[in-house]
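Biologist: I'd like to learn how to read a few features off a model. Could we go through them one at a time?

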Amino acid sequence: MAVKTMPKEEGFENGLKVLREGYQYISNRNKIYQSDVFETTLLGKKAYCMGGEEAARLFYDESKIKRGGAAPKFARSTLLGEDGVQTLDDQEHRNRKQYFLDLMSDDRIEEWRMILKKEFLKSAIHWMEEPSIVFYEESKKVLMRAVCEWAGVPLPEEDVEKRTQQMANLFEMAAEASPKFAKGVISRKTGTKWAEDLIQQVRDGELHPEKETALYKIAFHTDLDGTLIDLHPAATDLLSVIRPSVAIAIYLNFVALTLQQFPEMKERLREEELDGEYYENFVQEVRRYYPFFPFNAGTTRKNFMWNGFEFEKDTMVIFDFYGTSHDERLWKNPEVFNPDRFKEWAVSPTDQVQYRLVAQGGGDYLEGHRCPGEWNVVEAMKVTTEFLTKDITYDVPKQDLGYSVVSMPTIPKSGMIIENVR
């Protein structure tokens, strides 16, 4: 195969362009260069940026791309933690990831669904007493209560506000350029100490979570050498159950926004069962259409050729989630919100190895770095959809419901205010 010259973005450092363009940084250049991959300089280092289905297949090819050391320091200081399962590769990664997969049994997913529904209904009682609520802020607390109960983590009601904000700081304040970045770093440290204390209490026999819960499984899981996981990485993994579950609030608010913007869909959902085909298609389209997290990072394991381009060993690779979910080659009229596009999927995108709907990664759950919590995300979105269409009624006052594709992560600017809940 003839070697092709990879398109290259000029500039000594292009990180500021990422901040200016946000979710569209990579896809903008893919269109300009008419290429699925281009070279640039980010954080002072050479990087390959890519998007699209074929690029996803490469990015999730463990023989060519690894995760260890790939995430920028600022992301490890806030969003990910320093030594969690996301930073591992090969057997170490598969060993640690096993307890995350064990949590995704049908029984555990059903329990998650029931706990979350209960917490929404309990919260609605209080919302009825308020003239209005900000759904984004309230849904974070609902999710925090729900995930802690599901994970076996004790959470006194007086700590809900503090712990919710602590987890939210990890994904809301993860960007190094943000003046609030320090809050994210502090929340990572204090949150890790909280998780360490919980795990130590379990190991010391002072706390007794159920054996099927995340807290128990992480506390007693062993490394490849047969010893218990060290306390710090175990705590990081426990937060990797809790923090992403609170971050789902972003999706839940886009569910609420969509129901407001498409009342005909709300009526159709009101007539359907939660396990019906349209519920599945609706939430998958929300995941495809709206911004969640923009990119993921890896590092090349070796020198190799791909589609005529040369890739050098030990070079950063950035894969575009949002742009791939809006790729015109994969999605007809991608800027149109259309749940019926998923009718063609005989199997749910969440239940198969695939590289098109990559909002939380692509490929295989067991062998690769695709997030196993994707199942819980879909269920949470279904429960929220049912709750907002069938369990309560509410009014949506005039507000700014626009959202930015530059700010990362992003939500409707008003946080989705609702009033007269009943």
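Biologist: Which ring does the charged end of Lys64 sit over?

Modeller: The idea is that a charge sits over a ring if NZ of Lys or CZ of Arg is within 6 Å of the ring centre and within 35 degrees of the ring normal. Here the charged end of Lys64 sits over Phe304, 6.0 Å from the ring centre. Lys4 lies over the face of Phe309, at 4.7 Å from the centre of that ring.

Biologist: Before we go on, what am I looking at?

Modeller: This is a predicted model, where local features need pLDDT of at least 70 and side-chain atom pairs count only at pLDDT 80 or more, while totals for chains, interfaces and linings use all residues. Residues are numbered from 1 along each chain as its sequence is written, and side-chain values use heavy atoms, with hydrogens and water left out.

Biologist: How many aromatic pairs does the structure hold?

Modeller: Rings of Phe, Tyr and Trp (its six-membered ring) pair if their centres lie within 6.5 Å; planes under 30 degrees apart are stacked, over 60 edge-to-face, and the rest tilted. The structure holds 32 such pairs. Trp127 and Phe135 make an edge-to-face one, 6.1 Å centre to centre with 80 degrees between the planes. Both Trp127 and Phe135 are buried, meaning under 20% relative accessible area, with exposed over 50% and partly exposed in between (1.4 Å probe, protein chains only). Tyr216 and Phe220 form a tilted pair, 4.9 Å centre to centre and 55 degrees between the planes.

Biologist: Where do Tyr216 and Phe220 lie?

Modeller: Both are in helix H10 (residues 214–220), four residues apart, about one turn. Helices (H or I, at least four residues) and strands (E, at least two) are DSSP runs, numbered from the N terminus. An α-helix has 3.6 residues a turn, so residues three or four places apart point the same way. Tyr216 is partly exposed at 25% relative accessible area, and Phe220 is partly exposed at 34%.

Biologist: How many disulfides are there?

Modeller: A disulfide is a covalent bond between the sulfur atoms of two cysteines. The test is a pair of cysteine sulfur atoms within 2.5 Å, and the count comes to zero. Take Cys371: the closest cysteine sulfur, in Cys148, is 17 Å from its own, too far for a bond. Cys371 is partly exposed, at 28% relative accessibility, whereas Cys49 is buried at 1%.

Biologist: And is helix H11 enclosed or open?

Modeller: Helix H11 is largely enclosed by the rest of the structure, because 14 of its 17 residues are buried.
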